[in-house]
Amino acid sequence: MATSNAPHSLFDSAIVRGAVLASLAKLNPREQVRNPVMFVVFVVSMLATVLWVQAIVSTGEAPARFIGWVALWLWFTVFFANFAEAMAEGRGKAQAASLRKARRDVKARKLSAPSRQAPSTMIDGAALRKGDLVLVDAGEVIPGDGEIIEGVASVNESAITGESAPVIREAGGDRSAVTGGTTVLSDWLIVRIAADPGQTFLDRMIALVEGAKRQKTPNEIALDILLAKLSIIFLLACVTLLPYSIYAVAQAKAADPASGAAPVTVTVLVALLVCLIPTTIGGLLSAIRIAGMDRLVQANVIATSGRAVEAAGDVDVLLLDKTGTITLGNRQAAAFLPVDGATLEELADAAQLASLADETPEGRSIVVLAKKHGLRERHIHELGATFSPFSAQTRMSGVSVNGREIRKGAADAIDAYVARMGGRPSEQARTIVNEVSRRGSTPLVVADGKGRTLGVVELKDVVKGGIAERFAEMRRMGIKTVMITGDNPITAAAIAAEAGVDDFLAQATPENKLDLIRKYQLGGRLVAMTGDGTNDAPALAQADVAVAMNTGTQAAKEAGNMVDLDSNPTKLIEVVRIGKQLLMTRGSLTTFSIANDVAKYFAIIPVAFAATYPQLDALNIMRLNPATGILSAVIFNALIIVALIPLALRGVKYKPVEASVLLRNNLLIYGVGGLIVPFIGIKIIDLLLNAF
Amino acid sequence: MNLYGIFQLIVYLAVLVAFVKPLGWYMARVYRAQPCGLDRLLAPAERAIYRLCGIEPGEMMGWKVYAASLLIFSAVGLLAVYGLQRVQAILPLNPAALAAVTPDSSFNTAISFVSNTNWQGYGGETTMSYLSQMLGLGVQNFVSAATGMAVLVALVRGLAGSGTKAIGNFWVDLTRSTLYILLPLSIVLALVLVSQGVVQSFRPYQTVALMQPVSVEQAGKEGEPSTRIVSQVLPLGPAASQIAIKQLGTNGGGFFNVNSAHPFENPTPLSNFLQVLAILLIPAALCWTFGEMVHDRRQGWAVLAAMLVIFVPLLAATYWFEAAGTSVLAGPNMEGKETRFGIANSALWATATTAASNGSVNSMHDSYTPLGGLIPMWLMQIGEVVFGGVGSGLYGMLMFVIVAVFVAGLMVGRTPEYLGKKIEPFEMKMAAIAVLIPCGLVLLGTAAAVLLPQGSSGTSNPGPHGFSQILYAFSSASNNNGSAFAGLSANTPFYNFSLGVCMFLARFWLIVPVLAIAGSLAAKKPVPTTSGTLPTHTPVFVAMLVCVVIIVGALTFVPALALGPVAEQLLLHSH
């Protein structure tokens with residue numbers, strides 16, 4: 001797992017210091033106007049300050065001390081909201097800084113032609129454009145993202161992934177992409193640069209964590225509209241309260257000229273307004289967004305946009321490659337099943353011979369299994385054998401030793417081979433092949449050059465431990481899991497049953513994969529998938545959430561909207577969780593913020609109109625001191641923002657349960673909690689204010 | 001409160017709920033143009049209307065065309081009702097020889113009836129000729145109700161549709177609502193009411209001798225001989241037909257000034273029961289229609305449940321406050337109530353008429369205890385979404401559902417969706433406008449009235465009660481209820497104009513965003529339901545919806561209510 005992007009402790013002192021300074025800088029009105037709720041607070045804070053100055057230099061509408069305290073805490077409210085945002089940004093910046101270390105100023109050897117011998121010029125790495133060719137030798141840093149067009153080399157990618165073990169990168173195939181900032185350890189590479197300056201992964205990652213891309217997602221815009229609407233309603237409620245109060249005072253004075261009734265002061269109205277508008281969520285909104293992106297980066301995933309992260313929360317179909325995601329990388333030989341009178345030893349011997357030179361994991365596992373049957377490992381060169389490797393045409397591999405030919409391969413390929421050699425395809429083998437397939441294993445048939453079928457090797461897929469539980473979780477979250485495999489339908493069905501996926505696509509090709517995604521999308525579903533190969537690119541481009549493996553090809557990475565630096569296909573599940581958590585944090589804090597208003601009314605209204613209608617004191621159920629009650633509510637309103645910063649940064653807890661259960665739990669915690677907490681908080685603050 | 005009263009309220013609720021399914025089922029068939037029984041009788045009439053008006057019933061409209069048709073239709077209605085009042089003196093069917101209605105009152109009344117508000121600044125029997133009542137107000141009682149139902153049906157089609165632009169045909173929805181739903185129900189109800197003694201007559205007002213002549217002291221002239229009154233004028237008119245639709249169409253505009261407290265409008269306990277049942281009948285049944293039309297009846301029940309969860313406690317509270325009276329007034333508060341109805345039936349009517357945007361009264365809300373009067377006022381302020389007007393109540397509630405779904409959806413970690421339709425910035429913007437406009441109109445209208453002498457001089461009581469009268473008037477007009485607190489002299493140019501503007505904006509500025517949402521939702525493809533989808537039929541969601549209605553609708557008015565009824569109650573208490 002990554003080390004470079006490990007989370008910083010929540011209140012790292014350096015980050016806090018930076019955030020304090022940044023929050024002061026954010027007091028710029030142009031900065032504030034982006035957040036409608038906090039802008040209202042900003043404006044009325046200025047108004048309160050003007051009233052305070054007026055109260056000092058001439059006669060104020062209320063004691064200067066009272067106005068001053070209210071104004072001060074209103075400014076604190078603005079400051080705390082800025083601080084929340086600055087904290088989130090600061091944490092992002094700290095990560096960006098560690099990423100930036102990877103982007104040293106490197107020199108690049110630019111080639112004029114795609115050949116090691118071609119004339120080259122040394123230029124600045126930052127000056128490379130898309131399409132430039134560069135040569136990178138052992139010990140050098142790769143100057144930019146690109147695709148290898150020649151060479152094989154081991155590359156240290158720890159700067160990006162945090163994984164220190166070197167990886168092999170080579171031209172052609174699915175391991176041809178390299179990332180700027182990584183180091184070639186051995187050999188050399190010719191790389192075609194794939195990104196203009198400022199567009200590389202590292203740049204994108206830095207931009208993402210720094211929150212430079214401030215584009216709001218549709219969800220955020222909709223929430224902003226809701227918050228703006230609530231702010232307008234409360235603004236109207238508070239503004240109209242002044243005429244109502246003036247009328248009430250006139251009525252009270254008419255009834256009793258000696259009445260001490262006085263209209264509500266602007267300071268009190270301003271305090272009421274700030275307490276009512278949803279400042280808690282308004283102040284934490286951008287922190288939540290930045291922190292959500294931050295969590296994604298901590299999981300070592302880069303997203304091209306915030307929208308992709310939110311879409312991850314909406315995903316209802318997950319396409320997962322079988323190999324590596326659901327099963328352990330490779331199939332293992334599990335049994336030799338001789339047929340047509342061949343003995344177990346005969347079959348084991350033939351299978352071992354045919355696999356000696358086969359360097360695929362399956363081939364090696366056959367040799368290992370043969371060893372368990374008492375067969376020593378032999379060396380192909382000592383036997384004077386010639387190896388015929390697997391090819392797409394024959395779909396078989398094998399050896400020729402001492403004039404004897406042995407072949408192993410898929411059942412139909414071997415059947416064809418046997419027929420060609422003048423033998424008859426074995427009925428018994430066919431039965432066993434079907435049986436093995438039904439078990440979810442892969443049958444490999446072994447035959448010799450005399451047209452004799454010796455038997456079947458059962459290759460077993462090993463389903464990853466705990467994966468079935470994860471899929472059950474997914475199901476509870478309402479996400480359908482679909483296994484994608486090149487296996488035949490029978491094998492696929494057996495593995496699907498064992499792993500507990502909801503559906504599978506057998507004998508998958510890039511085309512039917514794309515069709516499957518389109519089919520789901522037509523039904524209104526949002527599809528997520530992972531991929532690494534160039535042939536995955538069309539499907540990745542079609543999927544709503546497409547996570548490309550960092551080890552994958554450039555084409556795959558460009559088609560996807562996220563890149564997983566760890567190249568771990570199970571990461572998709574993590575991405576979904578992060579997306580959901582981001583939305584849930586927003587929703588929960590909105591609920592909390594609105595529920596808070598009830599208590600604030602009880603704190604402010606009785607005190608505000610005490611002069612006109614002293615009887616309203618009956619509503620002062622918290623028994624607040626009339627002199628400090630309003631200030632207590634304002635202070636609570638400011639402090640709750642700070643108190644919730646950790647929650648905004650960490651995100652609310654997500655448990656993979658049904659939506660109805662989730663709603664009930666969150667309503668209890670943030671709705672009912674939001675009703676109760678301010679009653680307690682305001683009372684405590686009031687007690688403290690009066691204790692001194 | 002007594003057991004007999006509580007029993008009556010329970011019977012009322014039981015009968016109401018029992019009608020929900022059959023009537024809801026019938027209306028769903030009407031709007032889907034399926035055979036509904038009455039079509040055999042009325043289909044020729046329907047076809048004739050289309051032919052006569054040149055309507056192509058198969059033509060589907062996008063939301064903009066739908067909205068434009070609706071606005072043009074309402075504008076024509078507005079001009080017609082205004083003009084009719086202004087020239088009623090020279091038109092027939094005016095046996096009481098009533099003069100033309102003043103321009104400001106005509107303006108106010110025209111908007112009032114076209115917007116399904118039926119706020120009445122005038123007294124019926126002393127202002128309107130029989131022709132104005134029937135041709136102007138009576139017609140609007142039908143078509144303004146049908147307009148509200150059409151908008152609802154368009155919104156429901158938007159929710160049920162998939163990737164289409166069409167939300168229906170306004171002219172067809174209007175015609176079918178009137179012809180198949182409002183007319184038959186009104187005819188039945190009017191006949192029953194006539195059997196109970198509600199008048200239906202074209203004869204001129206009758207002068208009759210008093211059985212108990214009364215003597216009246218002339219004010220300010222002490223010592224002079226008092227006047228002896230021996231006869232009285234009994235106003236008549238085609239009342240029963242108008243009263244049936246006034247209740248069924250949540251119009252509420254009375255034929256006579258004191259509305260359903262008048263013995264000619266509402267003579268017996270049975271007529272009272274039927275009328276108060278008619279108030280909530282269609283709004284409640286439309287919930288079922290909605291569930292049926294979106295292919296998920298549970299959704300309809302859930303919305304109805306949310307309405308009942310708000311309605312029942314408030315009904316109980318009104319009954320409780322009125323039965324308890326005040327510390328000044330020992331015993332139940334019978335002031336302003338008819339003895340033939342009593343506390344329970346008056347409280348029921350007051351709650352039902354303000355829950356639905358009906359506004360007819362059988363008792364005077366001005367005379368309620370402060371808190372008993374607070375509840376009807378607050379029911380209007382939360383946006384007329386607890387039952388509400390026919391059609392308009394449910395589409396208003398669905399706007400709150402959108403807000404609730406949005407917050408709840410985020411809380412379960414998904415882009416919010418309702419009935420498979422994603423709620424995105426456009427829907428949010430329109431729902432925000434729909435919720436914001438009535439709130440803003442109440443607050444700003446009241447503020448203008450208390451600041452201006454033309455406004456504050458209209459109150460009949462000093463202190464917080466006077467403030468309540470003004471707040472009540474604007475709450476009523478800005479939510480298209482039409483109920484009056486009485487006490488406020490509202491037939492003045494200031495109130496006629498300001499309340500007229502409130503009624504107009506509250507009705508039409510709300511209909512346009514609602515239709516916009518219908519159009520936008522219709523165009524979306526539904527997202528299939530999974531266990532990750534927020535279920536919107538569960539008790540948890542109903543609770544959430546109730547909280548959103550109360551918090552968004554009510555928190556706005558807490559300060560204003562504190563200065564009105566709450567202060568009044570506490571002042572009374574301290575005496």
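Between chain A and chain B, 7 residue pairs are in polar contact, both members at pLDDT 80 or more (N or O atoms within 3.5 Å; within protein, one atom must be able to donate a hydrogen and the other to accept it, and residues adjacent in sequence count only through side-chain atoms on both sides). The model is predicted, with local features requiring pLDDT of at least 70 and side-chain atom pairs pLDDT 80 or more, while totals for chains, interfaces and linings use all residues. Residues are numbered from 1 along each chain as its sequence is written, chains are lettered from A in the order in which they are written, and side-chain values use heavy atoms, without hydrogens and water.

The count of salt bridges between the two chains is 1 (a side-chain nitrogen of Lys or Arg within 4 Å of a carboxyl oxygen of Asp or Glu). A salt bridge joins B:Arg414 to A:Asp316, with an N to O distance of 3.8 Å. On the side of chain A that touches chain B, α7(A) gives the most, with 21 residues (helices are DSSP runs of H or I, at least four residues, numbered from the N terminus).

Chain A contributes 61 residues to the contact and chain B 62 residues (heavy atoms within 4.5 Å). About 5,200 Å² is buried between chain A and chain B, 77% of it on carbon and sulfur atoms (accessible area lost on being put together, 1.4 Å probe, summed over both parts). Of the area that chain A buries against chain B, 15% comes from A:Tyr244, A:Tyr247 and A:Leu663, more than from any other three residues.

Definitions and conventions:
Buried area is the accessible area (1.4 Å probe) that two parts lose on being put together, summed over both. Helices (H or I, at least four residues) and strands (E, at least two) are DSSP runs, numbered from the N terminus.
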